[in-house]
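Please look over the sequence and the structure shown here before reading on. The paragraphs below go through selected parts of the model in turn.

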Amino acid sequence: MRVNRPTILLFCVAVIVLVLYALSDHFTASRATVGAEDITPQQRKLRLVPVVQYQNTEYSFYDVALVDDEAWAVGLNDHDPRRIYRSKNNGGSWEVIDIPSPGFTLRAISFSDRRNGWAVGGYGTIMRTSDGGNSWQQLKRPTEADLVSVTFVNDKVGYMGGSKAGFDRSINRMIYGVVILRTTDGGQSWRICYEDDRSEYVGRILALSESDAFVIVDRPLITADGGKTWQPVEANRADLGSIAFTSDGTGYAVSRSGNFYRSLDKGKTWRSLNVPQSLLQRQWWSIDFADANRGLAVGNGGAIALTDDGGKTWSEIKTPIQENLMGVRLRGQSGLILGSQNVYRLERF
């Protein structure tokens, strides 16, 4: 049987395309809508679209930052950790940005405005951009801790925190501890503003102003003097997990034991919220607010809770999602939810 040359050429091109796609290490995107047709009016406000699907366990987003219509993400990439991910359409599609980092996995990212951003990660790694992410530079390492949290109030003042945990061979046992550092010059220099040798965990640092900040180590701590001193927040509130503050200083928190809390004094005191029994039976991992009224909490087994009245009432959103939802970031009418297998874009909120 004779096969003409154009047919052979088309076959070869198709094979090359398939091979290149199989070898590529990008994230795959899906446009299947989750929860587009729901029952209640609140549920109809929420439209979720999976925009990133992790091809295997080598990939995952650890943190995202939203600024204007852009989104930035950092996370695990076993092929090459010297990367940051950028979306120019609120997470609809992503591109890979190669950066000159030392190769440690980046765990957290923060932008103070469209031009100024910071990403931190293993072994004290700090990356900085001042041109909107077009270029990144590595800053001097002020600590050897594994940094997992960073936040900036403006282009000068910011905080970052990490864990000092590790196995000490000289004493043949695990050692623990956390450290929090503060900068007033955009990250060129840092000072330790909190440190201990007993805590095993440091969570997301939230800076409400240049002087006020809130963090959870093994217990919640607050500062009102730029990190010079830190005060414990209600010892019986060790249940506090993920925290979010609105622009007026109102705080909201969820816990893995299912509880919801609110603070009306910038995090100094917290009170339990009355929520439906179904929410108390969930494990909540993350909470965020788009404005003073609209907020979301996400958790295990696809759990999503929504409020649109400043946390007075919460409703559980039923979707087909079964994976654990580990993080949520909201801005304006949009947002992103980080799952264990997918990243979801909020296209209507």
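Predicted model: local features only at pLDDT ≥ 70, side-chain atom pairs only at ≥ 80, totals over all residues.

Residues are numbered from 1 along each chain as its sequence is written, and side-chain values use heavy atoms, with hydrogens and water left out.

Begin with strand β14, residues 178-183. Strands here are DSSP runs of E with at least two residues, numbered from the N terminus. Six of the six residues of β14 are buried, where buried means under 20% relative accessible area, exposed means over 50%, and partly exposed lies in between (1.4 Å probe, protein chains only). The cover applies to both faces: Val178, Ile180 and Arg182 are buried on one side, and Val179, Leu181 and Thr183 on the other.

β14 has antiparallel pairings with two strands, where pairing requires that DSSP finds at least two bridges between the strands. With β11 (residues 158-163) there are six bridges, in the antiparallel sense. With β15 (residues 191-196) there are five, also antiparallel. Valine 178 can be followed in both directions: serine 163 stands opposite valine 178, and in β15 the bridge partner of valine 178 is aspartate 196.

The loop between β13 (173-175) and β14 holds tyrosine 176. Tyrosine 176 is partly exposed, at 33% relative accessible area. Together with Phe167 and Met174, Tyr176 makes a nonpolar surface patch of about 280 Å². Such a patch consists of residues with over 30% relative accessible area and no salt bridge, with nonpolar side chains (Val, Leu, Ile, Met, Phe, Trp, Tyr) joined within 5 Å. Accessible areas come from the Shrake-Rupley method with a 1.4 Å probe.

Turn next to the backbone. Most residues other than glycine have a negative phi. Aspartate 68 has a positive phi of about 55°; this residue is in the loop between β2 (59-67) and β3 (70-77) and is partly exposed at 41%. Lysine 266 has a positive phi of about 60°. Lysine 266 is in the loop between β22 (260-263) and β23 (271-272), and its relative accessibility of 38% counts as partly exposed.

The last topic is charge pairing. Side chains of opposite charge can pair when their charged atoms come close. A salt bridge is counted when a side-chain nitrogen of Lys or Arg is within 4 Å of a carboxyl oxygen of Asp or Glu. The whole structure has 15 of them.

One of these joins arginine 47 and glutamate 347, whose closest N and O atoms are 2.2 Å apart. Arginine 47 lies in β1 (residues 47-53) and glutamate 347 in β30 (residues 342-348), so the pair ties together parts 300 residues apart in sequence. Arginine 47 is partly exposed at 24%, as is glutamate 347 at 29%.

Glutamate 70 and arginine 86 form a salt bridge at 3.1 Å, N to O. Glutamate 70 is in β3 and arginine 86 in β4 (residues 83-87), so this pair ties together parts 16 residues apart in sequence. Both residues are buried. Glu70 and Arg86 are also linked in a network of salt bridges with Asp68, Asp69, Arg114 and Arg331.

Arginine 83 forms a salt bridge with aspartate 98, with closest N and O atoms 3.5 Å apart. Arginine 83 is in β4 and aspartate 98 in β5 (residues 95-98), 15 residues apart. Arginine 83 is buried at 16%, whereas aspartate 98 is exposed at 57%.

Conventions
Helix = DSSP H or I, 4+ residues; strand = E, 2+ residues; numbered from the N terminus. Patch = residues over 30% accessible without salt bridge, like charges linked within 9 Å, V, L, I, M, F, W, Y side chains within 5 Å.
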